[in-house]
Amino acid sequence: MPISLRFYSSLIKCSRQNYSSIRKTKPKIQLESEEVRESKPVHVLRNPYPWKTKEQFVDHLAANVIYNKDGLVAINKPYGVPLMKSGLTTGHNESLFSIDEVLIPLASKLNVEKLLPAKSVERFASGISLFTCQDEKVVDKIRQCYNTNKLRKIHTFKYLAVTIGEPKPSESKGTVGMGLFEHKDLTRKLPVIMKEYSKKKVAENLVQEYKINYKTLSHGDGPCSLVEINVSSVKNHFLRVYFAHLFSPILGDHIFGNRVQEIKGKRLTISPVQADYLSNFQKIPAAILARLKVVESGSVPNCLHLSQINLANFASRNSNLVLKAEPPPGFQFICETFGLNLPNSNE
């Protein structure tokens with residue numbers, strides 16, 4: 001899966017710098033005569049990982065279980081939490097813990113024998129992640145549900161996204177092809193939306209097709225929009241690439257968000273090569289940062305949330321299992337800031 005290595009390495013670098021600065025700061029001694037001041041609440045975007053211990057992290061995941069039945073456990077995964085830890089965690093820009101390292105205590109807390117990952121939303125997104133508490137049979141059953149969805153032309157995944165600007169058109173339905181872009185100055189291939197391609201390219205796996213149906217739910221009172229997306233798959237960061245292609249990148253997309261730039265008052269797409277070398281973080285307009293009361297673009301999370309999964313015939317032959325999850329606090333804060341109305345979870 002193509003990823004921005006510079007983006008991930010920059011997070012670790014920033015974290016180490018923050019950690020170093022904390023170590024060099026001498027603690028201030030409070031005099032007994034001084035009145036103890038009440039600490040101000042931490043800005044939700046500056047505190048994406050509120051847990052400080054492994055026990056608190058387990059409690060947080062357990063509180064976000066949305067389904068636990070028939071050998072399947074569904075958890076509303078927080079933003080930024082990886083399924084598996086890839087290296088040393090050094091600062092506030094990273095989650096102290098991964099899901100993999102707490103599966104045993106989490107299973108115990110949920111009163112199940114074990115937990116095995118079946119389908120997890122990507123690290124820098126939030127939403128429904130699936131686990132089995134039995135064996136591979138449940139994983140096979142989930143795959144069968146995906147295949148049934150495909151035969152019935154049911155979209156498996158429903159996402160919510162906050163975008164910079166409004167997608168053009170504001171709603172669309174169809175099949176989109178995505179391929180890989182090569183360039184002599186790049187050490188890896190970059191995913192791009194293909195305007196034209198042949199079935200032969202699809203058969204040769206040079207182009208991947210995605211079924212998508214999206215619509216703009218809310219414009220709010222600022223430069224952002226709330227979009228609902230039904231999609232068959234999100235492999236290779238499809239949604240990030242697709243909405244950048246529509247001149248409305250996902251807010252906080254620090255991988256492909258720079259493919260759209262504001263030039264002389266107009267939002268224009270630039271070369272994937274230029275975008276890849278432009279910045280480690282998405283260049284978010286100053287007006288948006290000011291409204292969010294943050295200084296740096298890196299403080300803004302990728303506003304992509306997996307809000308619903310459809311599993312056809314999971315419980316029985318004529319019954320579909322529909323799992324739903326509300327967006328995390330940071331996502332909700334951003335929507336409230338720009339007057340974006342989130343859909344009712346019961347809809």
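Predicted model: local features only at pLDDT ≥ 70, side-chain atom pairs only at ≥ 80, totals over all residues.
Visitor: Why is the pair of Tyr49 and Trp51 called tilted?

Guide: The ring centres of Tyr49 and Trp51 lie 6.0 Å apart. Rings pair within 6.5 Å. Their planes stand at 55 degrees. Stacked needs under 30 degrees and edge-to-face over 60, so this pair is tilted.

Visitor: What makes Tyr210 and Phe238 a stacked pair?

Guide: Their ring centres are 4.0 Å apart, with planes at 5 degrees. Stacked means under 30 degrees, so the pair is stacked. The pair also links distant parts of the chain: Tyr210 sits in strand 8 and Phe238 in helix 6, 28 residues apart.

Visitor: Which cluster do ring pairs build with Tyr210 and Phe238?

Guide: Ring pairs join Tyr210, Tyr214, Phe238, Tyr242 and Phe243 into a cluster. In total, the count comes to 10 aromatic pairs.

Visitor: What lines the largest pocket?

Guide: Strand 8 and helix 6 are among the elements that each supply at least two residues of the lining. Strand 8 gives the largest share, six residues. The lining divides into 22 nonpolar, 11 polar and 10 charged residues. The space in this pocket is about 1200 Å³.

Definitions and conventions. Residues numbered from 1 in each chain as written. Heavy atoms only, no water. 1 Å grid on protein atoms, 1.4 Å probe; cavity = no way out; pocket = protein on both sides within 12 Å on 5 of 7 lines; lining within 4 Å. Points joined across faces, edges and corners; volume = space filled by probe spheres on them. Helix = DSSP H or I, 4+ residues; strand = E, 2+ residues; numbered from the N terminus. Nonpolar A, V, L, I, M, F, W, Y, C, P; charged D, E, K, R; others polar.
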